[in-house]
Amino acid sequence: MITLLISMALLVLGYIFYGGLCDKVFAPDSAALTPAHSKKDGIDFMPMPTWKVFMIQFLNIAGTGPIFGAILGAKFGPSCYLWIVLGCIFGGAMHDYFSGMLSIKHGGAGLPDIIGEYLGKTTKNVMLVFSVVMLMLVGAVFVYSPAIILGDLAGDGSSKAVLIWVFIVLAYYIVATLVPIDKIIGKIYPLFAVALIFMAVSLFICLLVKWPAGVPEVWDGLQNRTPQAGAIFPCLFISIACGAISGFHATQSPLMARCIKNENLGKKVYYGSMITEGLIALIWAAVSSYFFYAGGNVEMGAEGVSSAPAVVTTVSKHWLGAFGSVLAMLGVVAAPITSGDTALRSARLIVADAFKIDQTPIAKRLIVAVPIFIVTGLLLWFNVADASGFDIIWRYFGWANQTLSVFTLWAITSYLYQHRRGFYYLMSLIPAVFMTAVCTSFICTAKIGFNMPQSTIPYVAGFAALSALVLFVVLSRKLKRTE
């Protein structure tokens, strides 16, 4: 519990000081017209109130990541606190801030265009395909996971009940993806964000009141408490993504880059929403540590429970009561749904930008969106038809998500190296090298990858990190540095 309080304080300090440094380095121009004004079209580009932009950005990036990811990460032990705090301050929040601000700088550009601007046309084309595929994976995952929860809450939990909710959620996605951003997303997202924040605050108060004994602290040791979940490196850094750093966020930042009124608001919207997500991840990490290692599962009569959705349901019912648990579950259900529809909206905009298809007429929005929904539907069918399909897609999504963050971090590094003097590029270079090592070693040693022996992890990670550094040094000599 002491670790939780210290970690939360560090995140707040990180927002004030390191977030301030990021803002100083980028140097936003308060007099510049943002895309919300210069490209206003009433569909995707339109100025919105700052509080609403923050809430939408927060809910867009949240998904189930800071909840389910933190629960899975807590199984590794107190090391999860370190990753959430350090990853969020120096990795995720910095990553979200610069990717969002670069989108504003380039007229609301999507992630592939930003990557292409700083890493070259070939990389842009690769990222165009990669990001659209990943966004469709997000859409599929975030249709199926809330459908499971809703099937349990409003049905008998059978496959038929889940399938009905799959169709309902997918139908909502289709509508939300096509209509102007202020019609649905701008109206209901702030309410869902409040539900998600209410859940986290309620659980935090319960932790303070109960002050449960036996919750592992960082100084109790950073050893892996669940070796069967995989090695701490790299598995912890894949399991906890949205609460620390997530490439998916960089695909969502352009949505709000097209709605933000002033560049000076970037720190609050981008860095602030990631810090908020980190706070939620910390709370769930503490709750899960109590559940798994301090007798919480015994107290709640759930000794055999280990899956993330089951932990959420069990804890919410026992700690928050009937009314509180309904609001808590609303937050848990709303988070993936609202990330899923904006993922497909981002996919539509990325494809439209790539082929220069005007998105003002509804007919042209349909031309882009229909193929995306067809592919997402096929991925969903794979989920429903095969019980193991969801697990397989989720693992690939986790790796793809972090791999996308790698490319975003390298694009940010290129930007900082070229346009900011001194050694400010180290702000993103160090996380870029680290995440390159994480993603490479994971795909090489995971069962869904090349299944190499676990003993090779240090060598694969070291080789990947060294190769990335050497490549940066070689390429940096070709880049012209300007202020």
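Visitor: Which helices each supply at least two residues of the lining of the second largest pocket?

Guide: Rolling a probe the size of a water molecule over the atoms shows where empty space is left. In this predicted model, the helices that each give at least two residues to the lining of the second largest pocket are helix 6 (111-119), helix 16 (389-419), helix 17 (426-445) and helix 18 (457-476). The largest share, seven residues, comes from helix 16.

Visitor: How much space lies in the second largest pocket, and which residues are the closest to its centre?

Guide: The second largest pocket holds about 530 Å³ of space, and of the 20 residues that line this pocket, Leu119, Trp410, Leu471, Phe472 and Leu475 are the closest to its centre. Sorted by class, the lining has 12 nonpolar residues, seven polar and one charged.

Visitor: With which residues is Thr123 in contact, leaving aside its neighbours within four places in sequence?

Guide: Thr123, which is placed in helix 7 (residues 121-153), is in contact with Ile115 and Phe407 once those neighbours within four places are left aside. Thr123 and Phe407 are 284 residues apart along the chain, and their C-alpha atoms are separated by 8.8 Å.

Visitor: Turning to pairs of helices, at what angle do the axes of helix 1 and helix 12 cross?

Guide: The axes of helix 1 (residues 2-26) and helix 12 (residues 266-293) cross at roughly 165° and come within 10 Å. An angle over 145 degrees counts as roughly antiparallel, and helix 1 and helix 12 are therefore roughly antiparallel to each other. Helix 1 passes helix 12 in a right-handed crossing. Residues on the helix 1 side of the contact include Leu4, Met8, Leu11 and Tyr15, while those on the helix 12 side include Tyr271, Ile275, Leu279 and Leu282. By class, this contact of helix 1 with helix 12 has 13 nonpolar, six polar and three charged residues.

Visitor: And how do helix 10 and helix 17 pack?

Guide: Helix 10 (residues 232-239) and helix 17 have axes 9 Å apart and pack at an angle of about 105°, which makes helix 10 roughly perpendicular to helix 17. In helix 10 the residues of this contact are Phe233, Pro234, Cys235, Phe237 and Ile238, and they meet Phe434, Ala437, Val438, Ser441 and Phe442 in helix 17. The contact of helix 10 with helix 17 has nine nonpolar residues, one polar and no charged.

Visitor: At what angle does helix 5 pack with helix 10?

Guide: For helix 5 (residues 79-105) and helix 10 the angle is about 55°, with the axes 11 Å apart, and that makes helix 5 oblique to helix 10. The crossing of this pair is right-handed. Here Ser79, Cys80 and Trp83 in helix 5 meet Ile232, Leu236 and Phe237 in helix 10, and the contact divides into five nonpolar residues, one polar and no charged.

Visitor: How should I read the backbone itself, and which residues does a cis peptide bond join?

Guide: Most residues other than glycine have a negative phi, and most peptide bonds are trans. In this model a cis peptide bond joins Phe233 and Pro234, with omega about 10°, and Pro234 is found in helix 10.

Visitor: Where is Ala27 placed, and what is its phi?

Guide: Ala27 lies in the loop between helix 1 and helix 2 (35-38), and its phi is near 55°, a positive value in a residue other than glycine.

Technical notes
Residues are numbered from 1 along each chain as its sequence is written. This is a predicted model: local features need pLDDT of at least 70, side-chain atom pairs count only at pLDDT 80 or more; totals for chains, interfaces and linings use all residues. Side-chain values use heavy atoms; hydrogens and water are left out. Axes are lines fitted to C-alpha atoms, for helices over the stretch in contact, and angles run from 0 to 180 degrees between N-to-C directions. Helices (H or I, at least four residues) and strands (E, at least two) are DSSP runs, numbered from the N terminus. Angles under 35 degrees count as roughly parallel, over 145 as roughly antiparallel, 65 to 115 as roughly perpendicular and the rest as oblique. A crossing is left-handed if the near helix is turned anticlockwise from the far one by less than a right angle, and right-handed if clockwise. Contact means heavy atoms within 4.5 Å. Ala, Val, Leu, Ile, Met, Phe, Trp, Tyr, Cys and Pro count as nonpolar, Asp, Glu, Lys and Arg as charged, and the others, Gly among them, as polar. On a 1 Å grid over the protein atoms alone, a cavity is a set of points where a 1.4 Å probe fits but cannot get out, and a pocket is an open set with protein on both sides within 12 Å along at least five of seven lines; lining residues have an atom within 4 Å of a point. Grid points are joined across faces, edges and corners, and a volume is the space filled by probe spheres set on the points.
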